[in-house]
Amino acid sequence: MKLLVAAMASELEAFPEELEGFDQLVTGEGKLQATYALTRALDAKPYTEVVVVGTAGGIDPDLDATAHEIGSALQHDVFDLDGIPGQHVSLPARVSTGREGVLIATGDSFVGDAGITAVIRPSGAGLVDMETYAYIWVANQFGVPIRAFRAISDRAEEGALVDFRAAIARCSVQLREVIRREYGV
């Protein structure tokens with residue numbers, strides 16, 4: 001059995017309530033809720049794979065506004081003892097799904113400001129979100145394979161929150177197509 005994970009129920013809007021071969025988990029937004037909910041789920045039942053779906057802000061202008069597989073994640077809102085951004089005092093700077101894909105920058109606030117996007121962009125991240133680093137880190141701690149797919153909902157600049165609210169349904173449809181293509185369900 002695989003575990004299909006999303007932060008918000010609206011990200012699963014285009015999915016059936018029952019998806020053959022998958023349990024579903026909605027964690028809530030942000031790194032803490034993502035960590036807590038996924039840890040509880042993986043501790044309660046063995047899964048062969050975690051499959052994350054959800055939305056993300058696109059900060060690489062060359063990325064199409066479609067769904068992208070995530071290869072690795074960093075935290076854009078942490079600093080180590082020397083003040084180096086993206087470096088946590090005790091967690092790895094990057095976590096990996098073990099697959100090819102886009103680098104995503106995870107942080108606990110919605111990015112909707114061109115100034116913040118400009119600070120994150122030099123990290124090499126193409127997308128920003130609020131949970132993926134946590135999901136990958138937890139799955140890695142449990143030794144469970146993980147794949148993550150993020151659909152671009154907005155461009156993480158001014159007006160992003162309005163764009164995001166209007167784009168969730170479109171993104172859910174794109175993500176549903178990815179799961180149908182990748183898993184045949």
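This note covers the salt bridges of a predicted model.

1. The count. The structure contains 10 salt bridges.

2. Arg147 and Glu69. These two residues form a salt bridge. Their closest N and O atoms are 2.9 Å apart. Arg147 sits in strand E8 (residues 146-154) and Glu69 in strand E4 (residues 67-75), so the bridge ties together parts that lie 78 residues apart in sequence. Arg147 is buried, at 6% relative accessibility. Glu69 is buried too, with a relative accessible area of 18%; the cut-off for buried is under 20%.

3. Arg147 and Glu182. Arg147 also meets the side chain of Glu182 in a salt bridge, at 2.8 Å from N to O. This pair links distant parts of the chain: Glu182 belongs to helix H4 (residues 160-183), Arg147 to strand E8, and 35 residues separate them. Glu182 is partly exposed, at 34% relative accessibility.

4. A pair within helix H4. Glu177 and Arg180 form a salt bridge through their side chains, 2.4 Å from N to O. Both residues lie in helix H4. They are three residues apart, about one turn of the helix. Glu177 is partly exposed, with a relative accessible area of 41%. Arg180 is partly exposed as well, at 36% relative accessibility.

Definitions and conventions:
Residues are numbered from 1 along each chain as its sequence is written. This is a predicted model: local features need pLDDT of at least 70, side-chain atom pairs count only at pLDDT 80 or more; totals for chains, interfaces and linings use all residues. Side-chain values use heavy atoms; hydrogens and water are left out. A salt bridge is a side-chain nitrogen of Lys or Arg within 4 Å of a carboxyl oxygen of Asp or Glu. Helices (H or I, at least four residues) and strands (E, at least two) are DSSP runs, numbered from the N terminus. Buried means under 20% relative accessible area, exposed over 50%, partly exposed in between (1.4 Å probe, protein chains only).
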